[in-house]
Amino acid sequence: MIAEAGHYALVLALALALIQSSVPILGARLRDPALMNVARSTALAQLLFVALSFAALVTLHVTSDFSVVNVFENSHSLKPLIYKITGVWGNHEGSMLLWVSILALFGGLVAAFGNNLPLSLRAHVLAVQAWIASAFYLFILITSNPFLRIADPPIEGRDLNPVLQDIGLAVHPPMLYLGYVGFSISFSFAVAALLEGRIDAAWARWVRPWTLMAWIFLTLGIAMGSYWAYYELGWGGWWFWDPVENASLMPWLAGTALLHSLVVMEKRNALKVWTILLSILAFSLSLLGTFLVRSGVLTSVHAFASDPTRGVFILLILCIFIGGSLSLYAWRASSLKQGGLFAPISREGALVLNNLLLTTACATVFIGTLYPLALEVLTGEKISVGAPFFNLTFGPLFLPLLIAVPFGPLLAWKRGDLLGAAQRLTAAGVAALVAVAVLWAWTRGGGAFAPLAIGLAVFVIAGACSDFAERTGLFRAPFATAVRRARGLPRSNWGTMLAHAGVGIALIGIVCETTWNSEYIGSMKPDDVARIAGFELKLDGLTQRQGPNYREMVAQFTVSLDGQPLGVMTPSKRNFTTRGMTTTEAALKTRGASQLYISLGDIAGGGAIAVRIYYKPMVLLIWFGPVLMAFGGMLSLSDRRLRVGAPKPARAMRGLQAAE
Amino acid sequence: MTRKQRRLTIIGGSLAVLAVAAVLVLNAMRDSIVFFSTPSMVAEKHIAAGRRFRLGGLVQPGSLVHGDNLAVTFEVADGSAALPVSYKGILPDLFREGQGVVAEGVLDPSGVFRADTVLAKHDENYMPKEVADALKKQGHWKDDYGKKPAYNAKPAATQGASR
């Protein structure tokens, strides 16, 4: 009954989306406010029905109703409740339902909070949203219906992929989808602007918060995914340049570029055509990510489906939306008015440079990801493009970007003074040089790369601090004045500084982890001691334990540093009986930002067990950096500027709209 | 600065960056791309010792030998040829005899494939996509390799790598 209700709600949502995709456009053509306002109510109703449908699937999973194929294949009655809920999107059908639910959520948010938008723009935006939604509802209903029943229901389910039975599944996919799908809003705004043939600085102001929101979630989603892979897969890596990872990195790069070009557009009314293109690209890359991950062209932990009809369907959606929007762009972009002038050395110029480098870096990732697929389709030859390729292309492009980051905020709009900016960055430059010298001396000439890279990171962080000191007059004005100014500083300035500092912090983590990572691999018997980076790890023994839906073998290590005991670590190997799969649960011990990491291998002869131990200095900074970036984004999002001068109370607006 | 000059500056800058990127990509393509091979392709093509590539096939049943200090040797076969592989380290959770495997490394002069990475990057049917395709092409594909465990199950994939 619940399954049928969920299915029916989804069909109703499709019907509403079809209305929402046509009637408002008609209304805009006829200039009929009543028809245009249909978009708002249908968007909200659509959200309601998708939410009902999603709630139905959650209920089915929680109650372990194995008469539903989706539940049977991905759940088990003994699975802990949290994994029953997260298991809803730990499979192809459910994750697509989550995708459309989030799409409907964003549509509903635009409908609910978009009262300050011009009526026809809102109608167009919501209609474009509904086009995307309709396509994906059809996809789900035709190829991936999560509510299908089994004729004779089995008693027990096949359980969820053990690798996914982790708290990461509760956070990573929803975050990532909020990011991916969030870019649909800027896409819809861009297409609406092209359809209307009108775009101005106000447009950028409306789009910015949505883009920022999507970017924050995508940043957190990627960071979370990376940390999850790090502790769950048991090989201590946090980024593998896997196509699936690249699929999330590409929209992030394009979205970051978009975020910066929107600033130029809002402040200076320039770069309009480029911004529109970036909005289209950011969402197109999100769609491409969905295709790569969901179509089964890649084998990875993310690829649940290998049903070819699904791949073809998503490819079709991809072609229609990317091809359609780019054609529309080619056709209408020239009709958009040109923006303001600026000198190459200026804030605008710096942001253009940022855009140029980010999009080029994105393009290299794109080539590295799709070239093997294209080559295989064309010639049948199989190659793999791995980390070396990306280190050789992505790295050199990020170098000038990182050098330029501190300069950007210090340059004036329209016409900047590079020399002045350089003078104001002297302190940051000195700090960077000191860092390089100290590190080089400390590592005693152990290679120049790491000290230089960390020096660059210090430059980025110190640059963000100089920007702050510059704006508050710290060290020049009395301290009380500086504090007062710091309080008065717009939150978006704080956001910029924190986000830029976050980039530097992540870089420090990356460099430290890759350069000074210590590794111990060996087989150990009880009472054996492993020594790594000054730590002593003694294997106390192995014990067997029964979990809710697995058996595990736990190894207990006592850790000490210079004879001082630091506690115990208990890595384990879990054997999930239903699927006959084994997973490795790494044990982590955090000291400051560094971590000790133990994962287990197989038991060899004589009771010895293969053990892999890492000491990863500063590894947590890799994820702390993105969290800081996201926090900066949130501060920017809460800036007064994005609220002031825009919405009047909703009721008053409705009155105004009727008169329009 | 006029609009025209500004535009030329931007276009010039963009072209310069794109040119640099193109050089980087082509350079990296030449040096860092890793080809995929099966044991019989290795036998036919005489891949030079020291050239990195990915070897895929089935782990020959009974060939896995554990040596001292986590050294292992096994043979990778594809039905018509087999190649000995040596590896030092921990094999991934999904490594099994008789199942598919992809290893990355170089051939040494004596013809042994020295793997530095063993990937267990495949679904629960224990069959990497590359290996399945290669076996199918050579006509060694048997249906039971891809046999699905009851009830039209979608393969839930998993990934892991051990270095």
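Visitor: In which loop of chain A is Lys414(A) found, and is Lys414(A) buried, partly exposed or exposed?
Guide: This is a predicted model. Lys414(A) sits in the loop that runs between helix 13 (387-404) and helix 14 (418-424) of chain A. A residue is buried if 20 or more other C-beta atoms lie within 10 Å of its own, and exposed if 12 or fewer do. Lys414(A) has 15 other C-beta atoms within 10 Å, so it is partly exposed.

Visitor: What is the phi of Lys414(A), a residue that is not a glycine?
Guide: Most residues other than glycine have a negative phi. Lys414(A) is not a glycine, yet its phi is positive, at about 70°.

Visitor: Where does Trp241(A) lie, and what is its phi?
Guide: Trp241(A) belongs to the loop between helix 8 and helix 9 (243-268) of chain A. Trp241(A) counts as partly exposed because it has 19 C-beta neighbours inside 10 Å. Although Trp241(A) is not a glycine, its phi is positive, at about 55°.

Visitor: Is Ala223(A) buried or exposed, and which residues does Ala223(A) touch beyond four places in sequence?
Guide: Ala223(A) lies in helix 8 of chain A. With 22 other C-beta atoms within 10 Å, Ala223(A) is buried. Its C-alpha is 9.3 Å from that of Trp238(A), which is 15 residues away in sequence. Leaving out residues up to four places away, Ala223(A) touches Trp623(A), Pro626(A) and Val627(A).

Visitor: What is Leu253(A) in contact with, apart from its neighbours within four places in sequence?
Guide: With neighbours within four places left aside, the contacts of Leu253(A) are Leu358(A), Ala361(A), Cys362(A) and Val365(A).

Visitor: How many residues of helix 10 of chain A are buried?
Guide: Helix 10 (residues 272-294) of chain A reaches 33 Å from its first C-alpha to its last, close to the 33 Å expected at 1.5 Å a residue. Helix 10 of chain A is largely enclosed by the rest of the structure, because the buried residues number 22 of the 23.

Visitor: In which sense do strand 9 and strand 10 of chain A pair, and which residue of their hairpin takes a positive phi?
Guide: Strand 9 (residues 587-591) and strand 10 (residues 594-603) of chain A pair over five bridges in the antiparallel sense. Thr590(A) stands opposite Gln595(A) of strand 10 of chain A. The hairpin has two residues between the strands, and the residue with a positive phi near 60° is Gly592(A).

Visitor: How many helices and strands does chain B have?
Guide: Along the sequence, the pattern of chain B is α-β-α-β-β-β-β-β-β-β-α-β-β. The secondary structure of chain B therefore comes to three helices and 10 strands, counted as DSSP runs.

Note on methods
Residues are numbered from 1 along each chain as its sequence is written. Chains are lettered from A and ligands numbered from 1 in the order in which they are written. This is a predicted model: local features need pLDDT of at least 70, side-chain atom pairs count only at pLDDT 80 or more; totals for chains, interfaces and linings use all residues. Helices (H or I, at least four residues) and strands (E, at least two) are DSSP runs, numbered from the N terminus. Two residues are in contact if their C-beta atoms, placed from the backbone, lie within 7 Å. Two strands pair if DSSP finds at least two bridges between them. The expected span of a helix is 1.5 Å times one less than its number of residues.
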